[in-house]
Amino acid sequence: MESEERTFDLADATYLVARIGVASLMVFMQWWWVNQLPSATERDLHFVGTALWVLGTVVTVAAVLVWPRMDMSKALVLTLPTDLIALAVLTAAVGGYEDPYYALFFAGAVIHAVRSGLPQRWMGASLLALSYVLGHVMAGHVLVEPATYPFLLAKVAILVAFAWVLGRIISEQTERAFSVEMESEQVEALNTQLEQRVMEMEAVAQVSDMLHSTLDVDSVGGDVLDVVLRLLGWDAMSAFVVDTSSNETVFSATRGTPSQRPALAYVSGEALLESEASEGSFGCFDVLEYHNLRVVICAEQRLIESLDENDRRVLQAVSAELAVAVENAQLYQLTRRLANTDELTGLYNYRYLQQRLDEEISRARRYGKTLSFLMIDVDDFKRVNDTHGHLVGDSVLRELGAIMKSTVREVDVVVRYGGEEFSVILPETDAAGAFIVAEKIRENVAMHRFKDEDGEPSIRITISVGVANMPVHADDKESLLRAADDAVYYAKESGKDRVRAPRIRLTRFGRPVAAPSSTGGNGEDA
């Protein structure tokens with residue numbers, strides 16, 4: 001058995017020193033004073049009492065200092081029988097000499113009331129009082145002198161009463177101390193819970209600030225997970241927001257080592273892992289559903305299983321903020337797309353044309369690049385509406401937009417300018433290249449058969465295309481638009497179904513310059 005480190009308080013040390021001192025005093029009295037006792041019986045009784053007290057002292061000191069599990073309260077109970085007999089015998093020996101050992105009974109009662117391990121603190125005092133009476137009875141003091149009865153009873157009553165009152169006070173103090181300790185532990189636990197709740201609220205507030213400070217949720221997704229990981233004490237996790245109406249993942253973010261990052265598939269409303277670092281290491285669970293969005297968290301399965309109610313509540317709060325932010329971002333993108341998109345054809349609208357031209361012209365000037373612009377007008381489109389109706393006319397415009405978009409590059413911008421007019425921005429395209437693109441669009445439109453009201457491909461249309469280039473035909477946006485408009489007007493005058501450049505070069509200073517010749521779609525000179 002391993003030894004335990006022993007600690008003493010001041011009361012324990014004082015008791016041991018006092019007991020050794022009393023034992024030493026008894027031995028001294030046995031050697032120097034005991035011969036003054038009148039009878040051999042009294043001298044023998046004093047020797048026996050002294051021997052028993054010394055024995056009890058040796059047992060007490062040895063038990064407390066040697067035996068690791070022996071504390072002072074247990075030692076007092078262990079030596080109580082020896083002390084009772086020793087004090088009774090000593091009282092019988094010298095009780096007739098003004099009770100010199102009564103102080104030891106009183107001291108014993110106090111010590112047992114304070115330190116004893118007895119169930120009732122006054123029990124030790126009662127036993128000491130009984131020992132005190134027996135000592136006097138053994139010596140015959142109370143039988144010889146009846147007048148001492150009141151004094152004897154008073155001493156016994158004082159002994160028991162004092163020990164009882166003292167024990168009562170100590171018991172109440174002990175209970176009060178225990179109550180205070182329990183309340184202190186409860187307060188500490190509440191403070192810990194409060195600190196945890198404050199940390200959780202601060203984390204949610206921090207996440208909210210991050211998510212609502214930008215409409216680009218993907219840019220702050222990793223930072224959001226960093227906050228959650230610090231709060232939960234995890235090393236890695238992934239978060240996904242899934243559009244349940246289309247089973248499409250609209251947001252994803254991951255933090256952790258690459259080997260721990262799972263890929264998520266969403267099939268028939270169930271979140272599944274496409275790949276894992278090791279079999280069963282990661283798991284996913286649905287945290288929140290908000291409108292048509294579902295937030296899914298993936299982490300190590302053991303961590304998910306260890307989540308308590310508070311952790312889940314925090315994840316739900318963060319997921320709610322994430323879902324709202326994703327929805328706001330979707331609404332913003334939709335609003336922006338609608339603001340820049342023509343409702344009928346799905347192409348960009350005039351508003352976006354102005355914004356994009358400013359950007360492309362600025363970029364062309366900055367890097368010394370060229371920029372071309374096409375203005376396209378449908379020839380005799382009124383005839384289509386009058387013959388087949390406006391619904392068919394709208395359908396023709398939609399098909400026309402699709403033809404133009406499929407003909408140009410991805411970097412080129414196709415715009416519905418208004419009515420039956422369209423435009424195309426051709427970045428980093430010179431005048432010759434713009435003529436080639438324009439002619440290709442014109443040919444594709446001329447060869448296409450558009451559907452009539454019966455769905456039959458019977459309608460034929462042609463387009464007139466005007467080509468303008470910067471810096472060949474214009475110096476800025478306004479002059480470029482005027483040059484393209486002049487070119488398409490020239491194409492109309494030349495017989496339609498052709499490509500033309502502007503007849504004059506328009507500068508920002510308003511001074512016309514002869515435009516270079518160009519070749520139209522039918523091969524005529526511009």
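Guide: Helices (H or I, at least four residues) and strands (E, at least two) are DSSP runs, numbered from the N terminus. The model is predicted, so local features need pLDDT of at least 70 and side-chain atom pairs count only at pLDDT 80 or more, while totals for chains, interfaces and linings use all residues. Residues are numbered from 1 along each chain as its sequence is written, and side-chain values use heavy atoms, with hydrogens and water left out.

Four aromatic pairs are counted, where rings of Phe, Tyr and Trp (its six-membered ring) pair if their centres lie within 6.5 Å; planes under 30 degrees apart are stacked, over 60 edge-to-face, and the rest tilted. F28 and W32 make a stacked pair, because their ring centres are 5.9 Å apart and their planes meet at 15°. Together with W31, these two residues form one aromatic cluster. F28 is partly exposed, at 41% relative accessible area (buried means under 20%, exposed over 50%, partly exposed in between, with a 1.4 Å probe and protein chains only). W32, at 53%, counts as exposed.

A further aromatic pair, Y350 with Y417, is edge-to-face, with 5.1 Å from centre to centre and 90° between the planes. Y350 lies in helix 11 (residues 350–367) and Y417 in strand 8 (residues 413–418), so this pair ties together parts that are 67 residues apart in sequence. Y350 is partly exposed at 38% relative accessibility, and Y417 is partly exposed at 22%.

R19 lies over the face of W53, 4.3 Å from the ring centre, and the charged end of R500 sits over the ring of Y490, 5.9 Å from its centre. The rule for such a placement is that NZ of Lys or CZ of Arg is within 6 Å of the ring centre and within 35 degrees of the ring normal.

Two cysteines provide a covalent link. One disulfide is counted, on the criterion of a pair of cysteine sulfur atoms within 2.5 Å. It joins C284 to C298, with 1.9 Å from S to S. The torsion about this S-S bond is about 100°, so the disulfide of C284 and C298 is right-handed. Since C284 lies in strand 5 (residues 282–290) and C298 in strand 6 (residues 293–300), the bond ties together parts that are 14 residues apart in sequence. C284 is partly exposed, with a relative accessible area of 26%, whereas C298 is buried at 0%.

Four strands form an open sheet in the order 2-1-6-5, with antiparallel pairing (two strands pair if DSSP finds at least two bridges between them). Strand 2 (248–255) and strand 5 stand at the edges with a single partner strand each, so one side of each has no neighbour in the sheet. On average, neighbouring strands of this sheet are turned by 20° against each other, direction ignored. Strands 5 and 6 run antiparallel and are joined by eight bridges; L288 has V295, in strand 6, as its bridge partner.

Helix 8 (residues 217–232) packs on the sheet, touching strand 1 (237–243) and strand 2, and its direction makes about 50° with that of strand 2. Helix 10 (residues 309–340) also packs on the sheet: it touches strands 1, 2, 5 and 6, and its direction makes about 65° with that of strand 5. Contact here means heavy atoms within 4.5 Å; axes are lines fitted to C-alpha atoms, for helices over the stretch in contact, and angles run from 0 to 180 degrees between N-to-C directions.

Some loops have backbone features to note. The peptide bond from M470 to P471 is cis, with omega near 25°, and P471 lies in the loop between strand 12 (463–470) and helix 15 (477–493). E428, not a glycine, has a positive phi near 55°; this residue lies in the loop between strand 9 (421–427) and helix 14 (431–447).

For the whole setting, the chain has 15 helices and 15 strands, and buried residues make up 43% of its 526 residues.
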